[in-house]
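Student: I am new to this structure, and I would like a close look at a single part. Please pick one chain and take me through how it is put together.

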Amino acid sequence: MSTETDQEHPCLPGGLIALEQWQAPETSIRKTLRTGVRDILDQLRASIHPEEQAFRSLDDLPLLTPDRLRQYAPPPDAAEVTRAILAQLETREALRGRSVPFLVVPPFSGLARSLAASGRRVITPPDHLLLSEQDARSWWQRQLSGDHWVIPELADFWLRHRSGLSLLKELFALLASDKAGTGLIGCSSWCWQFWANYLPELPVAPVTPAPLDGERLVRWLDHLARSQTGQSLTVRMTHDGLYVLPAPEQAGQIKYSSFAQDLASLARGNPGVALAIWRRALRARPEAESEGDDVKSEGDLEAVTSSGPGCWVAPLDQLSLPAVPQSVGRHSSHVLHALLLHEGLSEEQLALVTGLSHREVDLTLGRCQRAELVTVVDTGTYFHVTPLGYPAVRKYLLSRGYPADGFGE
Amino acid sequence: MDESGLQQALESISSVAVAEAFALVVIASVLIVLIQKLASALAEKLSGKPRLYLLATVPLARLLIIVVTVILIVPILVEPSFENMVAIFGALALAIGFAFKDYINSLIAGLVTLYEMPYRPGDWIEVNGYYGEVRSIGIRAAEIVTLDDTVIVVPHGVLWNTLLANSNDGSHNLMCVAELFLEPNHDVAQMQALLRDVIYTSPLTRTYQPVVVAVTDTEEGMRYRLKGYPLEPRDQTRFISDLTARASEVCHEQGVKLLCRSRRE
């Protein structure tokens, strides 16, 4: 799946692709069956042990210090990602002619932050999103009057309420009639899925970053660490000493673990989710008994680590990621779905879009926060699903019949 | 009927053999009850396809247990020679055929349901005016639970001569319709668009399934039918209630009056 573009933009491995070309990283039949059976067992077990909800590590190895974590697994550089995206938009022939390219990205991609830092005129949503169609039209006419605008996150411009659709309906009408000027739109995949169903004749052909398969993920994680330390990071598995980093071409003949493929598969190619799990899995030192079990590999490690920093990573099956308690009712699932549809909402907005009372929203949010599925940002105003909880939330919502984004099948 | 053949076959049955056969029947019955209870309990904890698959295995498992039990019992009671088999099954067929005609009719229909699958556990069906979810499929009858939580026992025999409506047919897609009658003389296109938004913005809607707002001019007023799919078939009552409540709000905002049954008549 890798292309030459990977070399050009290590912060955007695989570059941009058409949305229809997106495919989840491949996984083995054995792993799929194992995951399926484990899901069913988890559902059954959750009703027996309801207290086991939040994250817990099943090993006793020390985590990396926050400073080390920032050094070894930092968030992507927004400016660099922006440059890569803009370069892709300009060089790719299929995208060059479009006056308003449309980027659809899965949650936690960090694209909104990158686009906001693009240097273009950022259009932010109005304070009040429940507008009439006339008001929405005139609002857009004011906002789109100049060229080179950017909307970092389209999901911020609507509410799933009969009066909260006007802004996006009017924007899509302007895009259809080519009256929106020159700009760039970023949109969450969940939001996009809703609107693609609501307006099946949408006049846009979105592009999306290529999914991270195991190979791309390794190079991306390597690039992130290198951007901070200036050197390749060496990471080995705590239980068998096999290597995860550095990227294969830099380390010669060393044995690699399948950790990166498994992580890419667990995160479904989503870089934000993969990075969050990666940060949770990094360890300062391995278990004592496994340190000397592979003398040859140990020698290799010394050879590799002599040229750069190193740490260890716990196997994925030793991490217990947040799970959705099976006893939760429709309230929690409505809230979680609404948070994903809108890329975060305030308590008041949640009450509006779910039809729940403020008290019910309050109770539900508290429960989801305790389960580490939801976190609060922006000075306690906006609630978001956590990247670590996202795989479980997505799976849970799908099993309950909710419409999910297209980044999963 | 060869009476002497039957007599011969029955004479060979000892009390020990009867006790063993009875024990086997009891074990099989307990096993069937256990499987039914366990599957129902587990199915309540599952959702989506695993729930449907688990429920669907119950009738098959029961059939398997019954067949195995019969295969085990017959050699215990009688020597399984051709003459004995003809004698015993001939006599049984005659006796049961007269005494339990309807019962046998339902038993055979029960076997047909396993093959043709006109309904499965988890399906929402309507039979003779009764609508509900198929809770279990027994040897003779199926049990459905209505929206008012009433259990209706439907003998499989009704299959032969009754129309049966299956709303979801083994899938999770069950279309619901919320119906409204509105006073005429309003902007129909605008109302259709607003009601379409009502369906899309209900948190219980499967937005990836078709959403339709149909309107017809009737003597009773403008009849709007809001058609959509709930997240899960179990949500249908809540879904229709939610659509009706939201649609009423829209009508109120637009100043279009809803017509209730008494005013329509």
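Tutor: Among contacts in chain A between residues at least 6 apart in sequence, 79% join residues at least 24 apart; two residues are in contact if their C-beta atoms, placed from the backbone, lie within 7 Å. Please keep in mind that this is a predicted model, where local features need pLDDT of at least 70 and side-chain atom pairs count only at pLDDT 80 or more, while totals for chains, interfaces and linings use all residues. Residues are numbered from 1 along each chain as its sequence is written, with chains lettered from A and ligands numbered from 1 in the order in which they are written.

Chain A has 409 residues, and 46% of them count as buried (20 or more other C-beta atoms within 10 Å of the residue's own, with C-beta atoms placed from the backbone). You will find 18 helices and 15 strands in chain A; these are DSSP runs numbered from the N terminus, with helices (H or I) of at least four residues and strands (E) of at least two.

Let's begin with a pair of helices. In chain A, α12 (residues 259-266) and α13 (residues 271-281) pack at an angle of about 130°, and their axes are 9 Å apart. The axes are lines fitted to C-alpha atoms over the stretch in contact, and angles run from 0 to 180 degrees between N-to-C directions. α12(A) and α13(A) are therefore oblique to each other, a word for angles left over once those under 35 degrees (roughly parallel), over 145 (roughly antiparallel) and 65 to 115 (roughly perpendicular) are set aside. On the side of α12(A), the contact is made by A:Leu263, A:Ala264 and A:Leu266, and these meet A:Ala274, A:Ile277 and A:Trp278 of α13(A). Sorted by type, the residues of this contact are 6 nonpolar, with no polar and no charged (nonpolar covers Ala, Val, Leu, Ile, Met, Phe, Trp, Tyr, Cys and Pro; charged covers Asp, Glu, Lys and Arg; the others, Gly among them, are polar).

Now for some strands. β11 (residues 310-313) of chain A pairs with β8 (residues 234-237) of chain A in the parallel sense, over 4 bridges; strands pair if DSSP finds at least two bridges between them. One place to look is A:Thr234, whose bridge partner in β11(A) is A:Gly310. β11(A) is also joined to β10 (residues 282-283) of chain A, by 2 bridges, and these two run antiparallel. There, A:Leu282 has A:Val313 of β11(A) as its bridge partner.

Note on methods
A residue is buried if 20 or more other C-beta atoms lie within 10 Å of its own, exposed if 12 or fewer, and partly exposed in between; C-beta atoms are placed from the backbone.
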